[in-house]
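Colleague: Could you take me through how the two chains of this model meet, with the criteria stated as we go?

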There are 2 protein chains.
Amino acid sequence: MTQVISTSEFLSTRKQTIESALPDYIQSLSIPESLKESMLYSLEAGGKRLRPVLVLATLSSFGKSESLGIPVGCAIEMIHTYSLIHDDLPCMDDDDLRRGKPTNHKVFGEALAVLAGDGLLTQSFQLISTIDHPEVTAEMKLQLITELVDAAGIKGMVGGQVADMEGEKKSLSLEELEFIHEHKTGKLLEYSIIAGAILAGASKEEIEKLREFSFHLGLAFQIRDDILDIEGDQEKIGKPVGSDKENEKTTYPALLTLEGAKEKLVTHIQLAKMNLHQLLITTTLLEGLCDLIAMRDH
Amino acid sequence: MTQVISTSEFLSTRKQTIESALPDYIQSLSIPESLKESMLYSLEAGGKRLRPVLVLATLSSFGKSESLGIPVGCAIEMIHTYSLIHDDLPCMDDDDLRRGKPTNHKVFGEALAVLAGDGLLTQSFQLISTIDHPEVTAEMKLQLITELVDAAGIKGMVGGQVADMEGEKKSLSLEELEFIHEHKTGKLLEYSIIAGAILAGASKEEIEKLREFSFHLGLAFQIRDDILDIEGDQEKIGKPVGSDKENEKTTYPALLTLEGAKEKLVTHIQLAKMNLHQLLITTTLLEGLCDLIAMRDH
């Protein structure tokens, strides 16, 4: 259990690192005050900060300084935040609450929420293009930007969101469900790990191996989400248990039974670790994160 | 008059160059069909393509091959298109028509319109990060991306849009009106010229001189817009003459009288040209564009 505790300590301390760096990228800018407030409101609304923590964990696994990953980590968190602001809009999921607080458009109005999202998305690219560190070459920054577009844009998260919207009206096959998760949430999780690897100067082969690792980790994350919606503690997960069934959402337990979903979760965690073990890096931390994701209660 | 005709020929031929290149960046991608249709619908809806044409004109003024500027030109047009899609949304300007055609959300629904905008914005950065040309260094691409974020994001167009929304409720001073125009439309026009200069390998001094040129050109463009709303031909400008007054919009003629606005237009065109003449480049084409903008009837 020491392993799991130390991983969870890593999560909580690095979450703080990111949370103290994140507002600085917006706070100091000379921009309309309402826009700044709206962006900061959502950036500072909490969350696990899992994506930036994965950047730092990957750097650490390659024996590199974690500080290298802070700008990219914050860029990813800005993208994740913009996607939540736009997802919550009345024309999308129409959510009034996010993490127990009123959603951005509820506080600032829809127009400003759209623009705050657009602003966070645009600004995120500058955090990467202006990284100022002797170990980060211009080519690395361009690779980070190119991969981020694929992960966050129409071939990744935005495409997954469209597929999800269109899937809401029908019952999905396992293949369709996997496509949605892989794109809507998986690609940005994967990017977090790949970005850490690029910054660490990883080889092409190492990056491809980590991509497979991330693919399985991302699906495991999503299957655990579906299981928590059935077995979870309402207070811990922050939303009513059983909401997927009520909303007639296609989930892994619905397609595979609860037992089948649990087996699939174990399989993906095993496959993730198998890929990890083929790399010549210190895998303890990333393995610990696998276990945390497989066992998390929120 | 030969001068003006040759500039307008440049405009119309280069508009075609951009319009034939633009869909290719989206058409070939493997993404959800509805998302592709929605993005292409707005990308192919026409317009003057002034921004990409300015990239090509600047390259030509430096004696460089215009083909160097096509990816950046198309990236700027994607950003311009995303901003129109989001501006037209019911929560923003609530427009049903754009260039005589139903707006994106009228055809594809609001949710898909938001995501098509997000997708175009994200994808635009990849057109720059993946430029494949021996003359374009990694450092140039990063400078292009950094400047694009400033021009299109919270310090530029998005910030200007917020200022414009907030200004709608009150009558503005000349200074406030100028801030809005400089940011909402000026910065992306300026970027088009600066991007051409970066690709041409211009010096810092040349870039700063062109920035001043663009500042005056952008304001002239906007003043002409306001004048056309009073004196223009409804059929040519594609919207009812007098709509600014009806919507109680603060305009240059409203603040300065029509005569005063015309004088200010002439002053900005003169200042633009003055900056241009301090550069050791072939200025004929950019001067011609100044004249076209000062005299355009739509």
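Predicted model: local features only at pLDDT ≥ 70, side-chain atom pairs only at ≥ 80, totals over all residues.

Modeller: Residues are numbered from 1 along each chain as its sequence is written, chains are lettered from A and ligands numbered from 1 in the order in which they are written, and side-chain values use heavy atoms, with hydrogens and water left out.

Colleague: What area is buried between chain B and chain A?

Modeller: Contact, meaning heavy atoms within 4.5 Å, takes in 44 residues from chain B and 44 residues from chain A. Carbon and sulfur atoms give 77% of the buried area, which is the accessible area (1.4 Å probe) that two parts lose on being put together, summed over both. The total is about 3,900 Å².

Colleague: Which helix gives the most to the side of chain B that touches chain A?

Modeller: Helices are DSSP runs (H or I, at least four residues), numbered from the N terminus. Those that each supply at least two residues of this side of chain B include α3 (33-43), α5 (70-88) and α7 (110-129). With 13 residues, the one that gives the most is α7(B).

Colleague: Which kind of axis relates the two copies?

Modeller: Superposed by least squares on the C-alpha atoms of residues with pLDDT of at least 70 in both, chain B can be laid on chain A with an RMSD of 0.0 Å by a turn of 180° and a shift of 0.0 Å along the axis. The two copies are therefore related as by a two-fold rotation axis.
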